[in-house]
2 protein chains.
Amino acid sequence: MIKVGINGYGTIGKRVAYAVSLQRDMTVAGIVKSSPDFMSRIASRNFRIFVPDKEKVKLFQEAGIKTEGTVDDLMGDSDVVVDATPEGMGRKNKQLYEKFHVKAIFQGGEDHNTAQASFNAYSNYNESWGKDFVRVVSCNTTGLARTLYPLSSEIGIESVNATLVRRGTDPNDHKKGPMNAIEPSLKIPSHHAPDLKTVLSIGEVNTVAMKVPTTLMHVHSVQAVLKREVKAEDVLSSFSSYKRILPVSGKDGVYSTAQIMEMAKERSLNRSDLYEIAVWKESVSVKGRVASYIQAVHQESDVIPENIDAIRSMFQLLERDKSVSTTDETMGIGRKVY
Amino acid sequence: MIKVGINGYGTIGKRVAYAVSLQRDMTVAGIVKSSPDFMSRIASRNFRIFVPDKEKVKLFQEAGIKTEGTVDDLMGDSDVVVDATPEGMGRKNKQLYEKFHVKAIFQGGEDHNTAQASFNAYSNYNESWGKDFVRVVSCNTTGLARTLYPLSSEIGIESVNATLVRRGTDPNDHKKGPMNAIEPSLKIPSHHAPDLKTVLSIGEVNTVAMKVPTTLMHVHSVQAVLKREVKAEDVLSSFSSYKRILPVSGKDGVYSTAQIMEMAKERSLNRSDLYEIAVWKESVSVKGRVASYIQAVHQESDVIPENIDAIRSMFQLLERDKSVSTTDETMGIGRKVY
């Protein structure tokens with residue numbers, strides 16, 4: 001039974017904690033929270049709470065929230081820490097993990113070289129096998145790796161061009177924008193192109209990213225130059241054996257990210273999350289060797305199953321396919337929506 | 001002096017009327033309005049107002065707005081009509097124009113085959129030379145033609161792939177969405193790809209389009225496979241002699257469509273419009289023969305100069321470059337912003 005500490009209980013941390021709690025081969029040792037807010041109160045019903053330092057212990061006491069000690073205490077109780085702290089903090093926290101000899105998983109906000117390997121369950125599970133420091137790539141890169149891996153392994157990819165239309169901020173945020181603007185990343189390729197290459201061996205990749213005023217999901221327009229000519233059905237069929245890809249259709253009234261999220265609410269997995277990458281069936285087209293499709297990424301949750309699988313790879317618990325299917329089954333991934 | 005009737009006084013119609021009024025070789029014969037709203041009152045200060053039928057005359061009278069007759073009367077006074085009625089109505093109106101033997105310009109919402117030629121000033125001015133029925137392509141297609149024409153004529157283009165992130169609706173609208181969703185066009189390529197080919201002879205074109213919750217501008221992520229290897233500077237330099245392309249930069253604080261529109265307000269051309277296509281300088285990159293860049297399109301106004309030039313081509317008034325420079329000068333296009 002692997003003991004998992006969760007450092008940071010925001011969008012990703014709280015979801016990883018829940019997902020770990022669903023597994024039979026791992027358990028949540030505790031979570032780290034730094035302010036005694038409503039989320040701490042909710043978390044305290046299910047998880048042991050640790051705080052960054054002794055001063056915070058008093059703060060939580062005053063708020064009437066029980067704590068179990070500091071982050072150092074949690075280290076002693078953990079085999080691995082999932083670091084879900086804000087972007088850039090993971091690198092600093094690494095010293096702590098090294099000091100306590102615990103393994104750690106970082107999220108996509110950290111640099112690739114913070115860890116020994118970047119991780120996507122489908123595309124490079126084995127590269128993290130037995131490793132101490134692993135990084136799960138970002139929600140966008142995970143989305144690209146998920147759908148490009150089947151194409152890459154079954155058909156072969158020469159090059160990829162993708163435009164990533166990113167949600168402005170997450171639904172729980174009331175500060176960030178844009179409110180009424182489209183904000184491109186002026187660096188081309190955006191950081192997603194090199195990031196994708198850390199988990200998937202393919203040729204030339206170009207990515208262009210821009211933020212838009214919505215909170216629900218990212219949407220990707222993907223073009224992949226394949227190694228041979230195939231039909232649109234072949235592309236769809238290459239996706240079909242991968243449960244973390246969900247085909248959706250305008251014919252069923254799924255016209256936008258709004259309906260995809262509504263669908264996820266009806267299925268009602270934890271927090272109405274959609275762990276799968278949604279691909280619009282009718283958007284899949286092939287012209288010559290160029291396959292084109294549109295997919296939607298639930299930024300809050302698509303990386304959660306990858307965090308679970310990464311733990312199994314790092315502790316050499318299960319082979320890829322067995323880990324993926326275990327995670328999928330416990331989390332409800334691939335469960336019929338309609 | 002060409003007498004121009006304007007049928008429809010919405011986003012495009014009112015701007016074309018203003019632009020015509022700036023020219024020395026054409027004049028506004030009158031405009032057609034169908035409801036006596038605030039826009040009719042404003043228009044009546046500058047233009048003669050005609051209504052669709054006799055019943056409407058009374059309606060306008062009751063509202064205290066003077067009318068000059070019906071659309072049939074305007075036909076008698078016009079050499080050409082700019083049809084800026086809602087999408088799909090232009091085709092129906094064509095019978096009227098034929099009956100009165102007036103030339104007509106349709107907008108991008110109509111099918112290509114409604115007219116004898118589709119029009120973009122840079123890319124195919126001469127195809128409308130002396131024609132009776134011409135269609136100015138949509139704001140998005142105009143944006144693509146504007147920046148691809150210089151690349152096509154100076155370097156050569158083999159194929160184009162573009163993702164069009166479209167504003168959800170225009171600023172004056174309070175009904176349409178999306179409010180918090182990304183809505184892709186599930187047809188790939190979107191209609192923009194064949195539309196672009198009606199005005200620019202290039203090879204394979206793929207376009208993917210999606211609507212997002214903003215009203216300001218469209219943003220395009222464009223990738224063009226060129227016929228030879230060039231540098232990013234060469235791409236920028238090919239744009240530089242075209243005044244309807246405006247280079248902007250994040251270095252000057254122009255990070256999104258919000259700042260581009262703010263900049264246009266500071267320049268204060270009519271209605272704070274931006275007739276030029278804005279291209280982010282730092283987004284221009286070349287890898288091998290693939291040029292990539294990001295541009296923003298002011299959907300309300302980029303087609304306005306094209307309507308003026310189309311009139312000149314249809315009446316064989318001026319050669320392309322002379323018409324374009326006359327339009328640019330009168331409308332303030334290319335005027336220094338900063």
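This is a predicted model: local features need pLDDT of at least 70, side-chain atom pairs count only at pLDDT 80 or more; totals for chains, interfaces and linings use all residues.
Strand β10 of chain A spans residues 204-212. Seven of its nine residues are buried, leaving the strand mostly covered. β10(A) pairs with strand β8 of chain A, residues 157-167. The two strands run parallel and are joined by nine bridges. Within this pairing, R166(A) lies opposite K211(A) of β10(A). β10(A) also pairs with strand β9 of chain A, residues 183-184. Here the strands run antiparallel, and two bridges join them. K211(A) in β10(A) is the bridge partner of E183(A).

Helix α1 of chain A covers residues 11-21 and includes A19(A). A19(A) counts as buried because its relative accessibility is 0%, below the 20% cut-off. Leaving aside residues up to four places away in sequence, A19(A) touches I304(A), I308(A) and M331(A). The C-alpha atoms of A19(A) and R167(A) are separated by 24 Å. Along the chain, these two residues are 148 residues apart.

M331(A) belongs to the buried residues of helix α12. This helix of chain A consists of 12 residues, 320-331. From first C-alpha to last, α12(A) reaches 16 Å, close to the 16 Å expected at 1.5 Å a residue. Besides M331(A), the buried residues of α12(A) include S323(A), V324(A), T326(A), T327(A), D328(A) and T330(A). G332(A) follows α12(A) and has a positive phi, near 85 degrees.

How values were computed
Residues are numbered from 1 along each chain as its sequence is written. Chains are lettered from A and ligands numbered from 1 in the order in which they are written. Side-chain values use heavy atoms; hydrogens and water are left out. Buried means under 20% relative accessible area, exposed over 50%, partly exposed in between (1.4 Å probe, protein chains only). Helices (H or I, at least four residues) and strands (E, at least two) are DSSP runs, numbered from the N terminus. Two strands pair if DSSP finds at least two bridges between them. Contact means heavy atoms within 4.5 Å. The expected span of a helix is 1.5 Å times one less than its number of residues.
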